[in-house]
Amino acid sequence: MPTILEEYTAKHPGSAQRYAEAATIFPGGVTHDTRYATPFPLYMTHGSGPRKWDADGNEYIDYVSGHGALLLGHSHPEIADAVSRQILRGTHLGGSTEEEIRWAKAITALVPSVEKVRFHSSGTEATLMAMRLARAYTGKAKIIKLQDHFHGWHDYAMAGSDQGAPGIPEASWGSMIVVPSGDLSAVEDVLSRDPDVAGLILEPTGAHYGQLPYDTPNYLKGLRSLTTHHGVVLIFDEVVTGFRASPGGAQAKYGVSPDLTTMAKIVAGALPGGAVGGKADIVDMIAHRGDPEWDNSRRVYHPGTFNANPLSAVAGATCLEMIATRPVNETADAMAAQLKRGLNDLFGKMEVAGHAHGIASMVHVVLADCDCDRELCIMPHSRIKETTASAKVTAMKRGLQNNGVDIMGRDAFLVSATHTESDIDTTLDAFEKTLITMRAEGLA
Ligand SMILES: Cc1ncc(COP(=O)(O)O)c(C=O)c1O
């Protein structure tokens, strides 16, 4: 029997060949850090619904799901149609459009805390703007961020990540206060000592859309009351959880209303796009005002060539209108529940240490036992992180790819409303085969 790595190499000669060329053009041979893989990453050619195909013609059930953007699967016919029609009408009209109004209304209809909204081109831009708005609104400098929570790659967002910091000035990080995730008393301690805190940003279901969860509803409620008490802007980064944790995001699922929300991915119908929305008086820091009483030097400046570009606008509006009127989330959540059950049964049946947890259509696998409720895992974050970084997980990811399943990062299945029961069964078969090959190599 070939090893997992031998099989990977044998099955993907076309990807190996393309990577050899890419390595001469791109740093590390790739165009996104998480696409880096040894001995080479896979090159994809096209996708449809829950499936995609690579350069060697291998078919995959896809759980990368456009890094979470594809709640409606690849090339959803209605989104494809809307975008195709818009391309023929113009991709940048150099002015305001009706489509951006339709898009914004689709957001406010689903997310009640969003009174006003501003569009961007990515989630990174959205979190950068949210932090700037919080600072401008309060006149204070610092932002609290939670350890391991991901908000993109701009200078402030990188504070408290495991990545290095070359190229980031000390001064940027000096304005960030990183506290342990899930620990209310740590936040309370900072707020009672430091009067210069403008905002607090977090992924509301825990770092990496719930890979590292906490006692979510109580923690979010606690943060809401602490930030209100101290006059600090509470920012939910719903770039992944927005429209996925529920149609109204994690905030609707848990009944906690932030001051600002950052969105990307699903919000733009899986085209490039982002948004910051929230309380009108905060978002209005961007507004031009005719008011002579208003000190215009306080205004937050915000250009951006592709803000609310018409292609993303029609894709986003079409996607969000479907989420509002059809059982999109119910379907994706039901498929994810079936997958999670099946994975947990498999770990039990095969007596392999591991479990799957997660909320809504976000499923995380940890190769270690835990008796959590399978929604909010209670293992220490350090243990989950250590397990996910192990060679076993590299083998699991490659083994799944050998067996026709592609997962997000190293541990996650992001399920779409186009995955079917039969796709889930096929996925579970692939997982079982993967565990068997891992066992043969002494990795399970
Ligand atoms: C929670 C969260 N915030 C922000 C971002 C950054 O978004 P983008 O990649 O569109 O810049 C991401 C990206 O995955 C994310 O997961």
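Modeller: Within strand S7, Gly 199 is the bridge partner of Ile 143, and this bridge is one of four that join strand S5 (residues 142-146) to S7 in a parallel arrangement. Strands here are DSSP runs of E with at least two residues, helices are runs of H or I with at least four, both numbered from the N terminus, and two strands pair if DSSP finds at least two bridges between them. The model is a predicted one, in which local features need pLDDT of at least 70 and side-chain atom pairs count only at pLDDT 80 or more, while totals for chains, interfaces and linings use all residues. Residue numbers start from 1 along each chain as its sequence is written.

S7 also runs parallel to strand S8 (residues 233-237), to which four bridges join it; Leu 202, for example, has Phe 236 of S8 as its bridge partner. Strand S7 itself spans residues 197-202 and is mostly covered, since six of its six residues are buried (20 or more other C-beta atoms, placed from the backbone, within 10 Å of a residue's own; exposed means 12 or fewer, partly exposed in between).

Most residues other than glycine have a negative phi. Tyr 209 counts as buried because 30 other C-beta atoms lie within 10 Å. Helix H9 (residues 216-230) holds Leu 220, which is likewise buried, because it has 23 C-beta neighbours inside 10 Å. Leaving aside residues up to four places away in sequence, Leu 220 touches Pro 204, Tyr 254 and Val 256, where contact requires C-beta atoms, placed from the backbone, within 7 Å. From Leu 220 to Gln 251 the C-alpha distance is 8.8 Å, although 31 residues separate them in sequence.

The ligand comes next: 14 residues surround it, the closest being Ser 122, Gly 123, Thr 124, Gly 152 and Val 239, with a residue taken as near if its C-beta atom, placed from the backbone, lies within 6 Å. Helix H5 (residues 123-138) gives the most to this shell, with three residues. By class, the shell holds four nonpolar, eight polar and two charged residues, where Ala, Val, Leu, Ile, Met, Phe, Trp, Tyr, Cys and Pro are nonpolar, Asp, Glu, Lys and Arg are charged, and the others, Gly among them, are polar.

As for the chain as a whole, an automatic or database domain assignment supplies the bounds, dividing it into domain 1 (4-74 + 327-440) and domain 2 (77-325). The C-alpha centres of the two domains are 27 Å apart, and 21 residues of domain 1 are in contact with 23 residues of domain 2. On the domain 1 side of that contact, helix H13 (328-349), strand S12 (362-366) and helix H14 (381-388) are the elements that give two or more residues, and the residues on this side comprise twelve nonpolar, eight polar and one charged.

Note on methods:
Contact = placed C-beta atoms within 7 Å.
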